[in-house]
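I opened my notebook to look at this structure for the first time. Here is what I looked up, entry by entry.

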Amino acid sequence: MDFAFSKYIVLPFTPKRKYMKNLDDLIRKIIAFRDERDWKQFHNPKDLAISLVLEANEVMEHFQWKNKEEIDQYVVENKEAIGEELADVIYWTLLMSHDLKIDVLEALEKKIKKNEEKYPIEKAKGKHTKYNKL
Ligand SMILES: [Mg+2]
């Protein structure tokens with residue numbers, strides 16, 4: 001599918017909000033939060049990457065040792081807590097991309113395009129095979 005047409009796809013879930021939050025505003029808030037606490041001195045790329053991965057692990061921790069039925073129930077009852085961990089992952093992603101001067105939305109669009117090429121629909125549809133084995 002041409003990426004340009006993807007905006008016409010109806011999403012199964014759309015957050016209820018009156019406006020799309022501006023990513024730049026969110027990054028400004030994150031940077032202000034950090035700078036008001038004088039934490040930039042601790043934020044080198046290694047420790048930012050560690051923090052990002054630790055938060056991703058906190059997402060996984062919600063699902064560890066649960067079977068499908070337990071997960072279904074857990075998600076219903078713990079959506080807010082799971083959302084907090086997903087937010088933490090985005091927080092560190094935005095902070096790190098800001099500090100490294102990476103336009104993360106542009107990087108995401110490039111990555112989607114790359115994945116479309118690595119996983120052509122005619123080869124990948126309905127399969128979970130890695131691209132180099134297709
Ligand atoms: Mg967390």
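**Around H4**

I started just past H4, where Lys101 has a positive phi of about 55 degrees. Helices here are DSSP runs (H or I, at least four residues; strands are E, at least two), numbered from the N terminus. I note that residues are numbered from 1 along each chain as its sequence is written. The model is predicted, with local features needing pLDDT of at least 70 and side-chain atom pairs counting only at pLDDT 80 or more, while totals for chains, interfaces and linings use all residues.

**H2 against H4**

I looked up H2 (residues 45–61) and found that its axis comes within 8 Å of that of H4, crossing at roughly 165 degrees. Axes are lines fitted to C-alpha atoms, for helices over the stretch in contact, and angles run from 0 to 180 degrees between N-to-C directions. H2 and H4 are therefore roughly antiparallel (over 145 degrees; under 35 is roughly parallel, 65 to 115 roughly perpendicular, the rest oblique).

I then listed who meets whom: Leu48, Leu52 and Val59 are among the H2 residues, and Ile82, Val89 and Trp92 are among those of H4. Contact means C-beta atoms, placed from the backbone, within 7 Å. By class, I noted eleven nonpolar, two polar and five charged residues (Ala, Val, Leu, Ile, Met, Phe, Trp, Tyr, Cys and Pro are nonpolar, Asp, Glu, Lys and Arg charged, the others, Gly among them, polar).

**H1 against H4**

H1 (residues 23–36) packs on H4 (residues 79–99) at about 85 degrees, with the axes 10 Å apart. That makes H1 roughly perpendicular to H4. I found Leu26, Ile27, Ile30 and Ile31 of H1 touching Tyr91, Leu94, Leu95 and His98 of H4.

**The whole chain**

Lastly I looked at the protein chain, which has six helices and zero strands. Its C-alpha atoms fill a box of roughly 50 × 35 × 35 Å along the principal axes.

Technical notes
Contact = placed C-beta atoms within 7 Å.
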